[in-house]
Amino acid sequence: MNNQKTMSETLFKKYNVPVPRYTSYPTANSFGPFDETDYLKAVETSNDATADNISFYIHMPFCRHLCHYCGCNSVAMAKPDRITEYFETLHKEIDLLLPHLRKDRRISQIHYGGGSPSSMPLHFIRSINEHLLSAFETIDRPEIAIECHPGYLKEEDWNYLLDSGFNRFSLGIQDFNDEVLRCVNRQPALLPVETIMKILREGGAKVNFDFIYGLPKQSVSAFVSTIKKAISLRPDRLVTFSYAHLPSLFKRQMILEKAGLPSQNEKLKMFEEASKTLQVAGYVPIGMDHFVLPDDDLSVALQHHSLHRNFQGYCPRRITAQVYAFGVSGISQLDEAYAQNTKDISEYVSRVNAGQMPIHRGYALVEWQRITREVIECIMCNNSINWRDMATRLQCSVETIKQAIHYDEQQLTTLQDDGLIVFDDESLHVLPEGMPFVRNVAAAFDPMMRDNHKQFSTPV
């Protein structure tokens with residue numbers, strides 16, 4: 001037991017260093033100049049992509065209260081006429097894009113993120129769903145998902161969202177400890193979470209719980225108590241996000257320094273004990289921070305090595321798609337490019353009203369980057385890679401793949417000696433001990449991390 005603890009702390013000190021989250025490759029902080037012409041060219045090409053399903057992401061930047069820990073693209077709630085204007089602009093942006101999409105394609109996913117989408121007048125949310133779903137057919141069992149702040153929704157609101165077509169709800173609980181929530185300026189759930197679960201279950205919806213560890217007032221035992229309460233409610237998926245403290249980028253996080261943050265060792269123990277508790281309760285670990293029930297789509301996809309990941313999170317390849325984003329700061333993820341909308345609401349409104357796509361920046365991928373993206377995604381999602389299988393899927397040689405990623409056997413040997421992976425000429429597998437540091441393993445295949453001085457968060 002003591003040797004295991006020492007090894008854990010040693011690995012933590014060595015590998016808990018800033019590395020990309022790899023929700024995209026290249027990562028968003030590599031984006032540069034990109035305009036409407038670049039975007040529409042990539043959109044036209046995306047119509048013929050192998051994975052040609054459609055995923056729509058809608059960004060809602062507004063929150064009733066700004067949590068001190070937040071690193072999202074969010075702003076304080078605007079006046080009603082500003083909210084109305086924002087939704088009118090969303091509809092106009094949708095109409096600008098739709099003529100460029102092939103009409104026989106099918107929607108596999110719609111996802112609302114923020115900010116706090118559920119803080120919006122809900123009839124506006126329903127109108128966006130109706131707009132999108134009237135334009136295309138869907139695959140069998142599409143995922144229509146929304147991130148919800150449970151602090152402001154009454155029973156009739158949850159039922160209204162169900163009636164609007166949503167079949168997956170991500171509840172931003174963050175912690176069941178009210179003292180923690182007060183400290184970070186987070187409103188606790190308006191209804192008992194047990195009541196919310198009953199409403200959503202009776203409506204046939206899938207439910208995710210989101211938690212954050214590493215916040216002020218948290219302790220290992222208290223966070224484990226929060227996780228045990230979550231387990232008792234049996235959500236389909238549970239996510240334990242590591243709080244990323246980057247006050248140089250998000251000024252309001254400085255407030256948390258005054259309240260006092262847990263030590264790095266305490267953060268590690270929170271993650272380890274939460275992970276252990278969830279797995280004992282039957283939850284299957286997915287990637288670096290997700291835990292799901294054994295019959296969940298993500299668990300099944302992991303078993304078949306067909307797990308995928310985008311900015312909205314993990315998903316099975318059944319709903320893998322080209323992602324088209326609407327709203328300020330939304331990022332479209334296409335086969336050959338990324339494109340991000342402006343983060344300024346006034347600029348967004350004026351450009352869309354002028355008939356322009358509100359693209360601010362982006363990235364066009366070259367061939368070696370598309371190969372690297374596949375390798376990193378495979379590691380991040382499926383915890384392993386078989387080089388010959390990947391070569392067959394990409395229709396190239398193993399040597400071409402290894403040249404693209406600057407394959408470095410010495411670097412992999414170090415990871416293997418530290419007990420994070422096992423590998424040979426044919427394959428690589430991330431060991432359970434290596435899962436908290438899967439981002440570090442992925443970074444070993446990233447040529448763009450050589451001499452990279454951009455800011456990233458730590459894995460744990």
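Leaving out neighbours within four places in sequence, Asp210 makes contact with Ser170, Leu171, Gly172, Ile173, Gln174, Val239 and Phe241, where contact means heavy atoms within 4.5 Å. The model behind this is predicted, with local features needing pLDDT of at least 70, side-chain atom pairs counting only at pLDDT 80 or more, and totals for chains, interfaces and linings using all residues. Residues are numbered from 1 along each chain as its sequence is written, and side-chain values use heavy atoms, with hydrogens and water left out.

Asp210 sits in strand β7 (residues 206-213); helices (H or I, at least four residues) and strands (E, at least two) are DSSP runs numbered from the N terminus. With a relative accessible area of 14%, Asp210 counts as buried, buried being under 20% relative accessible area, exposed over 50% and partly exposed in between (1.4 Å probe, protein chains only).

Asp210 also turns up in a UniProt "binding site" annotation from an unreviewed entry, together with Tyr69, Cys70, Gly71, Gln174, Arg186 and Ala244. UniProt positions are given in the numbering used here, feature names are shortened, and annotations may be inferred rather than shown by experiment. Setting aside neighbours within four places in sequence, Arg186 is in contact with Cys67, Tyr69, His149, Pro150, Gly172, Gln174 and Leu181. The Arg186 side chain gets to 2.6 Å from the backbone oxygen of Gly172, a polar contact being a pair of N or O atoms within 3.5 Å (within protein, one must be able to donate a hydrogen and the other to accept it, and residues adjacent in sequence count only if both atoms are side-chain atoms).

Another "binding site" annotation from the unreviewed UniProt entry covers Cys63, Cys67 and Cys70. Cys63 belongs to strand β2 (residues 62-63) and counts as buried because its relative accessibility is 10%. Not counting residues up to four places away in sequence, Cys63 touches Ser74, Val75, Ala76, Met77, Gly115 and Ser116. Cys70 is in the loop between β2 and β3 (75-76), buried at 11% relative accessibility. With the residues up to four places away in sequence again left out, Cys70 touches Phe250, Arg252 and Gln253.

Elsewhere, helix α12 (residues 345-353) has Ile345, Tyr348, Val349, Arg351 and Val352 buried. The cover over these buried residues includes β2, β3, α3 (80-97), β15 (337-341) and β16 (359-364). At the start of α12, a side-chain oxygen of Asp344 comes to within 3.2 Å of the backbone nitrogen of Ser346. Just after the helix, Gly355 adopts a positive phi of about 80°.

Of the twelve residues lining it, Tyr213, Ser242, Met288, Asp289 and Pro459 are the closest to its centre. A cavity here is a set of points, on a 1 Å grid over the protein atoms alone, where a 1.4 Å probe fits but cannot get out, and lining residues have an atom within 4 Å of a point.

Conventions:
On a 1 Å grid over the protein atoms alone, a cavity is a set of points where a 1.4 Å probe fits but cannot get out, and a pocket is an open set with protein on both sides within 12 Å along at least five of seven lines; lining residues have an atom within 4 Å of a point.
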